[in-house]
Amino acid sequence: MDRSGPRRAAVRLEHVSAPPDLPDLVVRALRMSLERGYVQASRSETGRLLATLAATRSGTIAECGTGCGVGAAWLRSGAPKTTRVITAELDPGLAHGVMTMFAGDDIDVMHADWGSLREHAPFSLIFLDASSAREWPREEIVALLDDGGMIVLDDFTPCPSWPPLVRGRVDTLRLEWLSDERFTSVDVMVAEDTSVLVAVRR
Ligand SMILES: C[S@@+](CC[C@H](N)C(=O)[O-])C[C@H]1O[C@@H](n2cnc3c(N)ncnc32)[C@H](O)[C@@H]1O
């Protein structure tokens, strides 16, 4: 199999100033992404934001959709040692691969639908990608958050207009999160082609 495409896609150059060294956990997860040709991994600009936000969190951080563990690795790298990091992945091969890779790294990996994360709520931070968030009723996500809890949604295309547009139509997901008065929120452009929405429950 020609793996040159996935390899190029998984290791992207960063668009912001950052030290070149990545946390060891992240390097291992990126290596697994390369080996499996997994191209949906969080990019490093997003990862650095995740680690920084995780550093402010106590309690439990949840990730919906583990993939090859890149997001979880950034979250674990930034979070205080006493903060739990839990991640759920539907694909058995990915979930069990990440479980093995992170055995002993204080990351709880579940082979489960992300709905199963409910048992471990409330969360101080929930991380999921925008496509997944479009399929999950927003109020169900809100119900899982602790007071002062934070939601982080990645994989948006930056858009300067209001209301936000995606492919010429109103981006209702972004619109709803950004105008929800229960939250203070911002759409952060982490690279010229990617933005991440952060919303904190007041
Ligand atoms: C965009 S990728 C996640 C990337 C990962 N968060 C990261 O930071 O690298 C989305 C992942 O969600 C998984 N997924 C899709 N539906 C799911 C569900 N209902 N429950 C759990 N995981 C799911 C997919 O298999 C895929 O690996």
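How many nonpolar, polar and charged residues does the shell around the ligand have? The shell has 9 nonpolar, 6 polar and 4 charged residues; here Ala, Val, Leu, Ile, Met, Phe, Trp, Tyr, Cys and Pro count as nonpolar, Asp, Glu, Lys and Arg as charged, and the others, Gly among them, as polar.

The model is predicted, so that local features need pLDDT of at least 70 and side-chain atom pairs pLDDT 80 or more, while totals for chains, interfaces and linings use all residues. Residues are numbered from 1 along each chain as its sequence is written, and side-chain values use heavy atoms, without hydrogens and water.

Around the ligand stand 19 residues, of which Y38, S42, E63, G65 and E89 come nearest; a residue counts as near if one of its heavy atoms lies within 4 Å. Helix 4 (70-78), strand 2 (84-89) and strand 4 (123-129) each supply at least two residues of this shell; helices (H or I, at least four residues) and strands (E, at least two) are DSSP runs, numbered from the N terminus.

Polar contacts (pairs of N or O atoms within 3.5 Å) can also be traced. A polar side-chain atom of Y38 is 2.7 Å from a ligand oxygen atom, and a polar side-chain atom of D113 is 3.0 Å from a ligand nitrogen atom. At G71, a backbone N or O atom lies 3.0 Å from an oxygen atom of the ligand. The protein buries 86% of the 610 Å² that the ligand exposes when taken alone, by the Shrake-Rupley method with a 1.4 Å probe.

Technical notes: Polar contact = N/O pair within 3.5 Å; in protein donor to acceptor, adjacent residues only side chain to side chain.
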